Amino acid sequence: MNFFQRQRDVRKVSRRFVVLFVVAVLAIVVVVDLVAVVAFGALGETGQRTDDVFTLLIWVSALMIVAIGLTSFVRTRMLRGGGGGRVARSLGGVPVREDTTDPRLRRLRNVVEEMAIASGVSVPEVYVLPNEHQINAFAAGFSPADAAIAVTYGTLERLNRDELQGVIAHEFSHVVNGDMRLNIRLMGTLFGILVLAIVGRVLLHLRGGSKNPLPLIGLALVAVGYIGVFFGRIIKAAVSRQREYLADASAVQYTRQSAGLAGALKKIGGLGSRLRSDKAEDVSHMLFGEGFLFSRLFATHPPLVKRIQTLEPNFDQRQLDELSQHWARYPPAGLAEDEALGLAPSGPAGPAPLPAPQAPISVRPDEVIASVGSVAPAPGRVAASILDAIPPELLDRARHPEAVLPLVFGLLLTSEPATRANQHAVLAARYGDGLADAAVAEADVLAGLHPALRLPLGELAFPALRHRPRPAAEAVLACIHALIRVDGHIDVFEYCLSRLLHRELHESMHRGAPWSRQGRRNRAPREVVDRSAATLLALLAQAGSADRQAASAAYREGLARVVPGSPLPYDPPAAGAVALEPAWPALDALDGPEKEFLVAGMVTVIGHDGVMTVSEIELLRTVCALLHCPLPPLAQAQPERVVPDPGPQT
């Protein structure tokens, strides 16, 4: 199942969830109406019963629907406003600093960063649940830009690096494929149908005189509210079980080995995965393993042995019992296992030298499309090669909350002198000459950075930007937008990288893309979508070839993949890359199949001559990320096999 098919599957699950939610609400309303009728019959007068009962039912039903709907809406908005970090903190999560030196925490951050680089998404927030000593983890958030990954202390303590990578890969599958957005909505919406039981428990504990009716009302609400509890558990089980199998399969695909994930599941079987937090049931459907004791009917995860047998068909319950007995006597220690297995870091290394260029890589659109939403082969090796190729001092500045700002601005400055002078003026007006000069100095250093390293460096710098105070982050957001629109020439890659960082920072603060109000709720007319796609393809064709005839041929072939039979001519806008500004709302609002055709068209344009340079691949990856279709680094385009841009073609 590729990324676009998975997106369609998430939408189907969302529709199923809506149906189940409506059924649950109707069941609660019917039961409450019956209780009201019984109570009215016991207290009312016989002569007026029919009309009064009908009026009562209308009011009670309306009140229940409004109460459930309003509670669900408010709870979902609260969860969305805090991002994944809010969920992690509600369970006692503590953030892991980017510059941590604790061996266990450093190993965790390294694995998360490697997986983010290998999947082409920004590095999520990382949390540890220090009071949870069994093995579990979860991913939460509305988008990769506001995602958080949290692991328990037991996960850090008991898993070796391969097992930890399997768990993190499982969670990244939820991040990349949109499962965590569904999980957050599920968490918020179900709160509405569980709220009656919560209110009832509160009323039960209120004290008063013998005539105080609140405890009796509370008892009734608890009885009715447990219908909501029943349906809530049924819905979570129905939505999440199959998704856990898919996430396990994705984790194996991501890590290219099943032993790590299987080992983590075995340790859960032997050591447990229950959470002590009183909010464990709220997040049960988003955990790596069962975090709350359910009966089989309500279990949010497939049976543990079946999950292991999917990875190791010959495994059985007897082996799990033997492992449990062994670990009860000799609890596993993850770092010690790393030493024994040769997985421990050997110490810091200097930047990896970039070897001589190789020939441009051949490309097939269907292979690139299949890689969208996946992870580069051997993600640890791919990410390590990228991290090793970035000078350590750049990595340090990317992770430092103060040094990151001139570094990021330097990454976004163009090489064209007149335009850079205008950008310097923008920075000086907003931050002073000191920071503007520092950004220019960083730009000079970054000019020698390999094209395959610019996007990963920006993604690594994103967490330090995201953690700035809200007013400071808003100022950075406005400055990046000003740099995008500065007078002068900005090439397509510089523009797209600037726009990508702007969009990710905006999403982390506002929980939605800058154009979400324009696009998602009001789909653009077909002709606007076609023109937007034509503008994007024309600019990509122009960036790939200085020969207008060759660029026109690439454009026509790509447009035929997106809009077959379209008469739109090859006409790259005179405004350059900034002309894409009005195109993003229409293009990002496309559904899965339409985006799949658009990505195919982009690959066709960029690889029209049958090959792609590294710079062309990085441009494609940046545009795909802008459209929420993360594309991992292609294996042939890693820094150890670099391809420089050819000179202008005529």
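The protein chain has 26 helices and 6 strands. The model is predicted. Of its 650 residues, 54% count as buried. Among contacts with a separation of 6 or more, 78% join residues 24 or more positions apart.

## The sheet

The 4 strands form an open sheet, in the order E1-E2-E4-E3, with mixed pairing. Its edges are E1 (94-95) and E3 (137-140), and each of these pairs on one side only.

Strands of a sheet pair through backbone hydrogen bonds, either parallel or antiparallel. E2 has a partner of each kind. With E1, strand E2 (residues 125-129) pairs in the antiparallel sense, over 2 bridges. With E4, strand E2 pairs in the parallel sense, over 5 bridges.

Val94 has Val128 of E2 as its bridge partner. Pro95 stands opposite Tyr127 in E2. On the E4 side, Leu129 stands opposite Thr152.

How many residues of E2 are buried? The count is 5 of 5, and the strand is mostly covered. In a regular strand the side chains alternate between the two faces of the sheet. E2 shows this pattern: Glu125, Tyr127 and Leu129 point one way, while Val126 and Val128 point the other way. Both sets are buried.

A helix also covers this region. Helix H3 (residues 103-119) lies across E2 and E4 (148-152). H3 runs at about 140 degrees to E2.

## Helix pairs

Two packed helices are described by the angle between their axes and the distance between the axes.

| Helix pair | Angle between axes | Axis distance |
|---|---|---|
| H25 and H26 | about 165 degrees | 11 Å |
| H15 and H19 | roughly 20 degrees | within 11 Å |
| H20 and H26 | roughly 30 degrees | within 9 Å |

Take H25 and H26 first. H25 spans residues 592-606 and H26 spans residues 614-626; they pack at an angle of about 165 degrees. That angle makes H25 roughly antiparallel to H26. The crossing of H25 past H26 is right-handed. H25 contributes Val599, Met602, Val603 and Ile606 to the contact, and H26 contributes Glu616, Leu620, Val623 and Cys624. By class, this contact has 7 nonpolar, no polar and 1 charged residues.

H26 also packs against helix H20 (residues 492-510), where the axes cross at roughly 30 degrees. H20 passes H26 in a left-handed crossing. From H20, the contact takes in Val492, Phe493, Cys496, Leu497, Arg499, Leu500 and Arg503. From H26 come Glu618, Leu619, Thr622, Val623, Ala625 and Leu626. The contact of H20 with H26 has 9 nonpolar, 1 polar and 3 charged residues. Val623 of H26 takes part in the contact with H25 and in the contact with H20.

The remaining pair is helix H15 (residues 404-412) with helix H19 (residues 470-484), crossing at roughly 20 degrees. H15 and H19 are therefore roughly parallel to each other. H15 passes H19 in a right-handed crossing. Leu405, Phe409 and Leu412 of H15 meet Val476, Cys479, Ile480 and Leu483 of H19. What classes of residue make up this contact of H15 with H19? It has 7 nonpolar, no polar and no charged residues.

## Two single residues

Gly225 is found in helix H7 (residues 214-255). Gly225 is buried, with a relative accessible area of 0%. Which residues touch Gly225, leaving aside its neighbours within four places in sequence? They are Ile193, Leu196 and Ala197. Gly225 and Ala197 are 28 residues apart in sequence, yet their C-alpha atoms are 4.0 Å apart.

His628 belongs to the segment after H26. Most residues other than glycine have a negative phi. His628 is not a glycine, but has a positive phi of about 60 degrees. This residue is partly exposed, with a relative accessible area of 24%.

Notes:
Residues numbered from 1 in each chain as written. Predicted model: local features only at pLDDT ≥ 70, side-chain atom pairs only at ≥ 80, totals over all residues. Heavy atoms only, no water. Axes fitted to C-alpha atoms, helices over the stretch in contact; angles between N-to-C directions. Parallel < 35°, antiparallel > 145°, perpendicular 65-115°, else oblique. Left-handed = near helix turned anticlockwise from the far one by under 90°. Contact = heavy atoms within 4.5 Å. Nonpolar A, V, L, I, M, F, W, Y, C, P; charged D, E, K, R; others polar. Pairing = 2+ DSSP bridges. Buried < 20%, exposed > 50% of the residue type's maximum accessible area, 1.4 Å probe, protein only.
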